[in-house]
Every structure is written in C-alpha cells, then in structure tokens.
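Keep the structure in view as you read.

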Amino acid sequence: MTVNLGTIAASGGMLILPWFMRPTHASTGALATTGLIFEFFGVMLTQVARVYMGRCFGVLPANRGIVSKGPFRWIRHPIYFGWLILSIGYSMSFASERNVVLIAMTLPFMAWRISQEEKHLTADPEYRRYMDRVRYRLWPGIA
C-alpha cells in the first residue's frame, strides 16, 4: 500500500468534494430523463465493478490483486468511470453551477489518484500485461 500525503490528498479530494453537491430544483423533460439514465448506468457500473473487485477494493493505492474480468476488460478504472457518469447524471437531474463546478474540481483529484494507483501497480508484471491489453484508463475510446 502507498500511504503518503499525496495519496491521502488525492483520495480525500476525490471522496470529499462530491459531498458538497446539492439537489436544487429538479430538471424536467429530456434533461431529467437523460440524467436519470446516466445515474442508473453509473450506479450499475460502479456496483458491478465492485462485485468483480471483491476483496481487492480499497481507498488507498495498493496491489490487492489484479482484476481483469467484467467491466475491467474494457477500462482499467470502471468504478471511477461509473462515479463520473453517475455524477454527470446527478448534475443533469439537479442542474446547478455548484454541482458542475464540484465535478470539475473532483476530476483532477481522480486523475491524480489513478496516476498514483497505476504507478504503484506497474511494479507488478501482471498489471503491466493488463495495461497492454486494456488501453483505456477511465473513458472508453478516449483516455
């Protein structure tokens, strides 16, 4: 496990900032429907990924075993991707500048956390082989 000020700050920022999102006036029409679809997909992806991770899940970067099945076949960090989709959906359902800004503020912490996690995991040859098979970190087809 990697425990230092950087891993605590990245994990903390990624976990704490979303707590400040607030429901505002609910959206209506297509925006509300699309937001609910995003939220549902985000929750489902996050939970399915957690099931596949089993006991490998943790808050700070560590090698608790390499998971390469389920949604991990397509992207290396499906829990983070699910959270991002859920948050975008929430911001669509309860559209406010505050919610959008908080998501934008959380993204650098998420990228930093992913970078720390992968730096730790690349010491494992199995993870390096996994990275060769699964190109995308967070967003399929993009990054």
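In which kind of crossing does α2 pass α3? The crossing of α2 past α3 is left-handed. This is a predicted model. The points below take the helix pairs in turn, then the pocket.

**How to read a helix pair**
- Two packed helices are described by two things: the angle between their axes and the distance between the axes.

**α2 and α3**
- The axes of α2 and α3 cross at roughly 160° and come within 7 Å.
- Angles over 145 degrees count as roughly antiparallel, so α2 is roughly antiparallel to α3.
- The contact of α2 with α3 draws on 18 nonpolar, 7 polar and 2 charged residues.

**α3 and α4**
- The axes of α3 and α4 lie 11 Å apart, and the two helices pack at an angle of about 175°.
- That angle makes α3 roughly antiparallel to α4.
- From α3, the contact uses Y80, W83, L84, S87, I88, Y90 and S91.
- From α4, it uses N99, V100, I103, T106, L107, M110, R113, I114 and E117.
- Sorted by class, the contact of α3 with α4 has 10 nonpolar, 4 polar and 2 charged residues.

**α1 and α4**
- The axes of α1 and α4 cross at roughly 140° and come within 8 Å.
- α1 passes α4 in a left-handed crossing.
- On the α1 side, the contact is made by G6, T7, A9, A10, S11, G13 and M14.
- On the α4 side, the residues are T106, F109, M110, W112, R113 and Q116.
- By class, the contact of α1 with α4 has 6 nonpolar, 6 polar and 1 charged residues.

**The largest pocket**
- The largest pocket holds about 700 Å³ of space.
- It is lined by 36 residues, and the closest to its centre are M14, F57, G58, I79 and Y80.
- α2 gives the most to the lining, with 6 residues.
- The lining of the largest pocket divides into 23 nonpolar, 8 polar and 5 charged residues.

**Residues to find in both places**
- M14 is among the residues closest to the pocket centre, and M14 of α1 also takes part in the contact with α4.
- Y80 is another of the residues closest to the pocket centre, and Y80 of α3 also takes part in the contact with α4.

Terms used:
Residues numbered from 1 in each chain as written. Predicted model: local features only at pLDDT ≥ 70, side-chain atom pairs only at ≥ 80, totals over all residues. Heavy atoms only, no water. 1 Å grid on protein atoms, 1.4 Å probe; cavity = no way out; pocket = protein on both sides within 12 Å on 5 of 7 lines; lining within 4 Å. Points joined across faces, edges and corners; volume = space filled by probe spheres on them. Helix = DSSP H or I, 4+ residues; strand = E, 2+ residues; numbered from the N terminus. Nonpolar A, V, L, I, M, F, W, Y, C, P; charged D, E, K, R; others polar. Axes fitted to C-alpha atoms, helices over the stretch in contact; angles between N-to-C directions. Left-handed = near helix turned anticlockwise from the far one by under 90°. Contact = heavy atoms within 4.5 Å. Parallel < 35°, antiparallel > 145°, perpendicular 65-115°, else oblique.
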